[in-house]
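The sequence and structure come first.

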Amino acid sequence: MAGHARTSYVCLPCRASYKQSHGPERERVCPRCAGRLLHAGSAFAPPRRKDVAAWRVLSVLLHAGVGFHKSCCGGPGFRPRTTREVRERIAHARRTGTPYARALTLPDVP
């Protein structure tokens, strides 16, 4: 496949990201640990491996179904970067009944 069809897949336990061709959904495995890779999206920029807090935030986002996909205007839009931002948005979701995936992408919590 062409280079433009590549997207990022992430291994959370290894804190590693791999660019692979995007195609039919199939089980993708980490070359380091043979664990399952999660699709992060083509606009994903991985945090440094030593930044444990950033990987924790990333884990919450990916497990909530929030990816890093390009939109019509360029990037994926707002994504929280700190555990505090995640906590604020999850508290908002619980208070209002907003789905977690939607609350996690709010730039400002009302």
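## Position of G23

Where is G23 found? G23 lies in the loop between β2 (16-21) and β3 (38-41). Helices (H or I, at least four residues) and strands (E, at least two) are DSSP runs, numbered from the N terminus. G23 is partly exposed because its relative accessibility is 21%; buried means under 20% relative accessible area, exposed over 50%, and partly exposed in between (1.4 Å probe, protein chains only). Between G23 and R6 the separation is 17 residues in sequence and 8.9 Å in space, C-alpha to C-alpha.

This is a predicted model, in which local features need pLDDT of at least 70, side-chain atom pairs count only at pLDDT 80 or more, and totals for chains, interfaces and linings use all residues. Residues are numbered from 1 along each chain as its sequence is written, and side-chain values use heavy atoms, with hydrogens and water left out.

## The sheet

Three strands form an open sheet in the order β2-β1-β3, with antiparallel pairing. The edge strands, β2 and β3, each pair on one side only. From one strand to the next, the twist averages 40°; axes are lines fitted to C-alpha atoms, for helices over the stretch in contact, and angles run from 0 to 180 degrees between N-to-C directions.

Strand β1 (residues 6-11) runs antiparallel to β2 and is joined to β2 by six bridges; strands pair if DSSP finds at least two bridges between them. R6 has S21 as its bridge partner in β2.

## Aromatic contacts

One aromatic pair is found in a search of the whole structure. F44 and F68 form this edge-to-face pair, at 5.2 Å centre to centre and 65° between the planes. The pair links distant parts of the chain, with F44 in the loop between β3 and α1 (52-63) and F68 in the loop between α1 and α2 (83-96), 24 residues apart. Rings of Phe, Tyr and Trp (its six-membered ring) pair if their centres lie within 6.5 Å; planes under 30 degrees apart count as stacked, over 60 as edge-to-face and the rest as tilted.

F44 counts as buried at 7% relative accessibility, and F68 is buried with a relative accessible area of 11%. The charged end of R79 sits over the ring of F68, 5.7 Å from the ring centre; this requires NZ of Lys or CZ of Arg within 6 Å of the ring centre and within 35 degrees of the ring normal.

## Cysteines

The search of the whole structure finds zero disulfides, a disulfide being a pair of cysteine sulfur atoms within 2.5 Å. For C14, the nearest cysteine sulfur is that of C33, 3.6 Å away. C14 counts as buried at 18% relative accessibility. For C33, the nearest cysteine sulfur is that of C11, 3.6 Å away. C33 is partly exposed, with a relative accessible area of 39%.
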